[in-house]
Structure formats: structure tokens, C-alpha cells
Amino acid sequence: MQQDPARAAPPFVGAPLPTLATEATPACNACGGGDIQIFYQVKDVPAHSCLMCATREEALAFPRGDIELAFCRGCGFIGNARFDAGLHRYSPAYEETQAFSPRFLKFLDELWDDQIERFGLGPGMTALEIGCGKGEFLVGLCERSGCAGIGVDPGYRPERTRTSAAERIRFIRDFYGPKYAHLHADYVCCRHTLEHIEPVLEFVRLVRETIGERRHANVLFELPDMERVLEQGAFWDVYYEHCSYFTRGSLARLFRAASFDLRRLYKVYDDQYLMLEAQPAAQPTDALLPQEDDLAHTASLIAGFEKKVGDRLGSLGEIFARCRASGRRLAIWGSGSKCVSLISSLGLSRDLGAGTIAVVDINPHKHGKFLAGSGFEIVPPDALRALRPDVVLVMNTIYTDEIRRDLASRSLHPELIAL
Ligand SMILES: [Zn+2]
């Protein structure tokens, strides 16, 4: 395996959290409480799912870890009790962007307009994006509003950014941590990052410290919604990269404990993403929004999760088995984390080389690379012209229409099965 300079650096480096519980019952990373219930386990999964492997050998030898989802009865936070940040290697080889999907771009378009209008972003103001990835969101925000921007992310790739706002935007290729507490901003956003961070309370407190006395500053956090995952038994949305999972209530409690006042708490993108808008407060704040009161509901979902996952695994396993038995060609559309999780959960790696399965992605930066764990090669949609799949498994139902159009434009009309 190639040496990676980012090896062993955890996503967030800070002072250790106080340990309030014994070794047998780890303390909750969100509230410090010790009333923890383990409710879901998966062994030996790839430690990364969006890191691109250059060779099949590298993909097959990829570091693995275990998942043990732990539910805190005190605050509702869910975390992977077996998480080891040392297995992670966030670097420019990390390929998380969804910005090649028209559906996703429409979502970004609406989010830019909404945030600029709601928070009055404009010239003379600064937006800070923590975990900015390849920078698409920050660049769009700065271009449209005229504000300045600072983006922090170890996976940032300067050659991917082309913008008329370049003079106003600074990118820092690093993990966000205490050494960046001096960065001042009027607007702080953090999208799809908190779920990769283990010491979540420490992290949100650092964001609060960064804002300091700039009480007018607004904060937006966006992350996957765990309530939907629990309701649907969507086990493919549980993977090693995500060590922290939130519902609206547990996210609200975290921010209130870190001295934020909540303005909005809602779901978007077919209810897949959780959005929290907050402003700094002088001290921890009390729950005010009705949607924060979800602890009992989450506990009931936890109780039924394993059964739902079992049902899902059974029906998906049948689809693959039927295709194999009847000689139908099956392709998986979407090579992101959901796909890696699905493949490892169903043990599909043994089919490698059989020629019946292709993993397709529209992101050209992924083509010719290999999926961590299983070693499947990721191919462009055009490769399906030769493969002529009978069935396409759509990893995210929100993209079904655009995938159907894409296939039809290549004169392909397979059966589409959306997760
Ligand atoms: Zn807790």
C-alpha cells in the first residue's frame, strides 16, 4: 500500500473528553453520560468508503474495523463504540463530492439562495466552512453573495476550483482544530462533517469558542438524519466513516449544551439530511422547539432496528441471488459509502470477476478506481452500453429519475430497484 502523508491523523484533534464511565461502558461523546445501550453490530468493515484505491490489491488489503452502535439513553446520541480514528486517512484521494448529479446541484442551488437571503450574506462578510471538501458550496456562496470565504479541509484539491471569487476565498488544507480558533467569520457552516467526528461535544464547543463574542454570527450544520435510517432499517447508511449519528433531538441537545441557541431544525433532501441553524448564546440553552422532544421515539426505533435490518438484508440478498440464478446482469449505480456498506454487508466480494456485477458512478474522478474492501472497479455509465444490465440497483432513491433518463439516453431500459 502506498504511504499516505495524512495517515493516522484523526479528523479532529483536541484535548481528551473527561471520562465519566468505566471501560465496559464508554461515556457518551455528546453528553458525557454513561447510560449506554449497544444495539447494532457489524464486524470487519472497510475503515473508509470514499477513499479511492488505485489498485484492486490496495482495495482488498484496505484497513478494516468493527461497528458497534451505542445509544445514549440520556441524550439520544448514537456513536460507534468501536471506532478507531487511527484507521482513517483523510487526504486529497478522498472522493466525496456529489456535485456531478443534477438533482444534487438543484439542492445546492436552493440552499445557497436560502442561506444568503436568510442571513443577509454579502460583501464585507466572511463565511467559514469547516470540512469544505472540494469547496463547491463555499465557492457558490461567495460567488453569489459577494462575501469572502475560508474553507478548511484536508481533502481540498486546488486544481478543482475555478471561480471568479478566487481573490476572496482562502483554502486551508488541514483538519479543523484548536489552532484555527482565531478564524473569525460572520457565518460558519459545516456540512456532512460532524458525523465523521468522534468528540462531538468538544468539536461544537470549539466552533462556539471560535465565534467568541461575535453574537451576530450564524451557524449551519448539515448531516445525515439517523431517524430515517432507524425507521427504514437502512443499514447501508451505517458505515465506519460515520462514527456519530444524530436525530433532530440529539443534535439540538448537543448544540444547546455547547451554548448555542437554535433558530431552525429541519430535514431536507427527501428527509435524508438534518439541518440545524443556530446562533451563539452566553451559556447553555433550554429546549424550545417541539421537534427536539424525540428521545422516547428514538428509543422505540432502536428497539426495532435489528429486525428491520434483518428483513432488508433478506430481501436484498434475494434480489442478488435471483439475478445470479437466472443469469440476469445486475449493476449497482452509486459507488459511495452506501454502496461499500451494502457490498460488505451482503458479502458480495466473492462475486468479483464473475462479470455479472458492475459498480457505476457519474463522478469521473472515481472511474478506474477500486472500492475499498471489495475491490470492485468503478466504471462510468457509458460502460453499461457493453454490459447491458437487466437490473440496476439505485443506491439512493432520490436519483432514480435522473438515472432512468441517463440510461434511456444510452438506449438502456433495465429494471430499476431503488433502495
Ligand atoms: Zn449522551
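Q: Which residue stands opposite A127 in β5?

A: Two strands pair if DSSP finds at least two bridges between them; strands here are DSSP runs (E, at least two residues), helices are runs of H or I with at least four, and both are numbered from the N terminus. In this predicted model, A127 faces G149 in β5. Strand β4 (residues 126-130) and β5 pair in the parallel sense, over five bridges.

Q: How does the chain get from β4 to β5?

A: The path goes through helix α3 (residues 136-145), as a right-handed β-α-β crossover. Right-handed means that, with the strands pointing away from the viewer, the path from the first strand over the helix to the second runs clockwise.

Q: Is strand β5 mostly covered or uncovered?

A: Buried means under 20% relative accessible area, exposed over 50%, and partly exposed in between (1.4 Å probe, protein chains only). Strand β5 (residues 148-152) is mostly covered, with four of its five residues buried.

Q: How many aromatic pairs are found in the whole structure?

A: Rings of Phe, Tyr and Trp (its six-membered ring) pair if their centres lie within 6.5 Å; planes under 30 degrees apart count as stacked, over 60 as edge-to-face and the rest as tilted. The search finds 18 pairs. One of them, Y40 with F305, is edge-to-face, at 5.1 Å centre to centre and 75 degrees between the planes.

Q: What should I know about the numbering and values?

A: Residues count from 1 along each chain as its sequence is written, and side-chain values use heavy atoms, without hydrogens and water. Local features need pLDDT of at least 70 and side-chain atom pairs 80 or more, while totals for chains, interfaces and linings use all residues.
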